[in-house]
Amino acid sequence: MAEFLVAAAAFLLITVAAGLVRILQGPTAADRMMAAQLLGTGGIAVVLLLAAAAERPAAVDVALVLALLAAFAAVAFVKGATSSGSGDPELPEDDRG
Amino acid sequence: MRLALDLFTVLAVSAGAFFFLAGTVGLLRFPDVLTRLHALTKADNLGLGLIVLGLLPRAEGPLAALKLLAVWLFALLAAATVAQLVARVALRRNGRSPGGSAAG
Amino acid sequence: MNGAWLLLDLVLVPMILAAALCAVGARAQFTGIVFYIVYGLLLALAWVRLGAENVALAEAAIGAGLTGVLLLGALARLPAAAPAEPGADGSPGTALRLAAAILCAALALGLGAAVLALPEPAPGLADVAAAHLPATGLGNPVTAVLLVWRGYDTLLEVVVLLLALLGVWSLTPDPLWGGVPGPRHRTRPEGVLVFLGRVLPPAGLLVGAHVFWAGADRPGGAFQAGTILAAVWLLAIMAGLTDAPAVRGLALRLVLVGGPAVFLGVGLAGLATAGAFLGYPPDFVKPLVVLVEAALTLSIAVTLGLLVAGAPERPPR
Amino acid sequence: MTDAATLYGLCGAALVGIGLYGLIVQAPLLRKILAFNLIGSGVFLLLGAIAERAAPGRGDPVPHALIITGIVVALSATALAVALLLRLAGATGRSTLSPEPPPPAPGERNGG
């Protein structure tokens, strides 16, 4: 069983590795950020699979932290994409920049 | 019993991996930012959910199972909000300067 | 080692190297930073793979949480880089690049040879650490190393964090001295950012407390917990739900020095109770370590949060 | 596990090389900061390989403690470097160390 879980983790990693290509190609910053987000979710799944395969429950905490902080980089990105650098893309006055 | 649970794990994890594959194919093949966003957030969170589901029978106790579910919930929350915000940024960029790729 | 693990390694290691190459080599700086964020995530996976969950937790919290915010925030504030041809912006020409490449390849090969030449098993302190672990009452050997055996190191490290913060603050322009770091963030009320800022900090407090509490016996500890708390604090600031504090505040400064002060106090008390600086009386090792860690967690969280927030940009209120 | 430790140790060695190369040849200071962090994490992986070699299967806690300390100190050094860079950019309009005059169009969000 452990063998299967590790193989599944390796498969997932290969799958999300394709996301690296999207980060390189873009073309927009939003594409790059979303590809990084996919890698993040895939990484969480890989950690969970490895934790189960190696029977190291402490590794689930690593997945928990990754999931908790998964939105952080993207929040910083959308902040930086507003005209003031400190606005909100949902605010009409930030519709410039 | 053990065998049935193992079979369940194999099936759910495989299905989860399939959704990740679908998400990646979408990310690479779909024509523009918004459709790619769509492919990603739908597919990879379903994928993670199925993998969590598959690993639940192997959790050591109710607390460990709860932690697995929390991982999925956090990831769902992050994906939903990030998709919304990034889509907003992408829409504006499209309206102004097509293909502009610099941040800030 | 069996096949599936080897397959995983043969995927993960090239991915790490590819992400690292793209992080320094990508054409646009933004792309480089996104690769660097991904690189941090992959490193966390590598530490899980190597069974070093303590390290993986630190890398996950810092790589996924703080580094991205720090670097993307910096890029948004830098003047737009003029896309110049090589040489015009001070980047070296081909000859120098070649020389640098040869030098760096030689260094990497030398380090690689050193890894291959490691004796089997390599000398280490694992057995000594394991033998003395029961005396501390702690279950996590890394926490025992950090707070009991190498207390000097850890005490000086938290002082280094404070010094770095002083360094950042010292870059404040004169009129803003003691002011508030970063801009005041505006968000749409009831918008997505506000929602995230309301939901994640309580969850982060919970996860941070769990990681801190687990740290005595299982992977976790003050540094990991402090990083998580710093990250959710910054999120609340970015969501506009709270503002960064003015750095002249007395309460803030007391929190900043609280952790090192408690550590130092317990260390000095050790002179009387255990006969050595940073010693612990034998029956009270675990409670004292937990006390020091609690104080450190709070100080580390505030220090790291303010480090990422940067030098004050607004006058004190 | 031991073979894996060697593999990740070699990866760490390569990362040090990549980071040093970036540090030398990249002109933008933010890039140099990234490259410096790559060197640091390469060293951490080398330490991790030694930890695994010293105690296969469980890891030597002493190098692990050093790595955790190192990761946190690296972040604080990075934050200090970023603050210096932002101050430099605010004062001169440049984000490299080149002696040339600043580019004609400094960014609009150039607070300092």
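User: What pattern does chain C follow, read along the sequence?
Analyst: In this predicted model, chain C reads α-α-α-α-α-α-α-β-α-α-α-α-β. That comes to eleven helices and two strands. Helices (H or I, at least four residues) and strands (E, at least two) are DSSP runs, numbered from the N terminus.

User: What should I know about numbering and cut-offs?
Analyst: Residues are numbered from 1 along each chain as its sequence is written, and chains are lettered from A and ligands numbered from 1 in the order in which they are written. As the model is predicted, local features need pLDDT of at least 70 and side-chain atom pairs count only at pLDDT 80 or more, while totals for chains, interfaces and linings use all residues.

User: What pLDDT does chain C average?
Analyst: Chain C averages 88, and 96% of its residues score at least 70. pLDDT is the predictor's confidence in each residue, from 0 to 100. For the complex, the predictor gives an ipTM of 0.90 and a pTM of 0.91.

User: Where does pLDDT stay under 50 in chain C?
Analyst: Over residues 83-87 of chain C. The model has three contacts beyond four places in sequence for that stretch. Two residues are in contact if their C-beta atoms, placed from the backbone, lie within 7 Å.

User: Which domains does the assignment give for chain C?
Analyst: Domain 1 covers 7-77 and domain 2 covers 137-317. These bounds come from an automatic or database domain assignment. The centres of the two domains of chain C, taken over C-alpha atoms, are 23 Å apart. Their contact takes ten residues from domain 1 of chain C and 14 residues from domain 2 of chain C. The domain 1 side has seven nonpolar, two polar and one charged residues. Here Ala, Val, Leu, Ile, Met, Phe, Trp, Tyr, Cys and Pro count as nonpolar, Asp, Glu, Lys and Arg as charged, and the others, Gly among them, as polar.

User: Where does UniProt place transmembrane regions in chain C?
Analyst: The unreviewed UniProt entry puts that feature at residues 28-48, 55-76, 96-118, 155-172, 192-216, 222-242, 254-278 and 290-311 of chain C. UniProt positions are in the numbering used here, feature names are shortened, and annotations may be inferred rather than shown by experiment.

User: How much helix is there in 55-76 and in 254-278?
Analyst: Residues 55-76 of chain C are 100% helix and 0% strand, with end C-alpha atoms 30 Å apart. Residues 254-278 of chain C are 80% helix and 0% strand, with end C-alpha atoms 22 Å apart.

User: Where does UniProt place the MrpA C-terminal/MbhD domain?
Analyst: The unreviewed UniProt entry places that domain at residues 15-79 of chain C. In the model this span is 88% helix and 0% strand, and its end C-alpha atoms lie 31 Å apart.

User: Switching to partners. How many residues of chain D are in contact with chain C?
Analyst: 77 residues of chain D, against 82 residues of chain C. On the chain D side, the elements giving two or more residues are helix H1 (2-25), helix H2 (29-54) and helix H3 (61-92). H3(D) supplies the largest share, 23 residues. By class, that side of chain D has 49 nonpolar, 20 polar and eight charged residues.

User: And how many from chain A?
Analyst: 47 residues of chain A are in contact with 60 residues of chain C. H1(A) gives the largest share of the chain A side, eleven residues. That side has 33 nonpolar, seven polar and seven charged residues.

User: Back to H2(D). Is it mostly covered or exposed?
Analyst: H2(D) is mostly covered, with 24 of its 26 residues buried. A residue is buried if 20 or more other C-beta atoms lie within 10 Å of its own, exposed if 12 or fewer, and partly exposed in between, with C-beta atoms placed from the backbone.

User: How much of chain C is buried?
Analyst: Buried residues make up 54% of its 317 residues.

User: Why does Val192(C) count as buried?
Analyst: Because Val192(C) has 23 C-beta neighbours inside 10 Å. Val192(C) is found in helix H8 (residues 192-214) of chain C. Leaving aside neighbours within four places in sequence, Val192(C) is in contact with Glu90(A), Thr81(B), Gln84(B) and Leu85(B).
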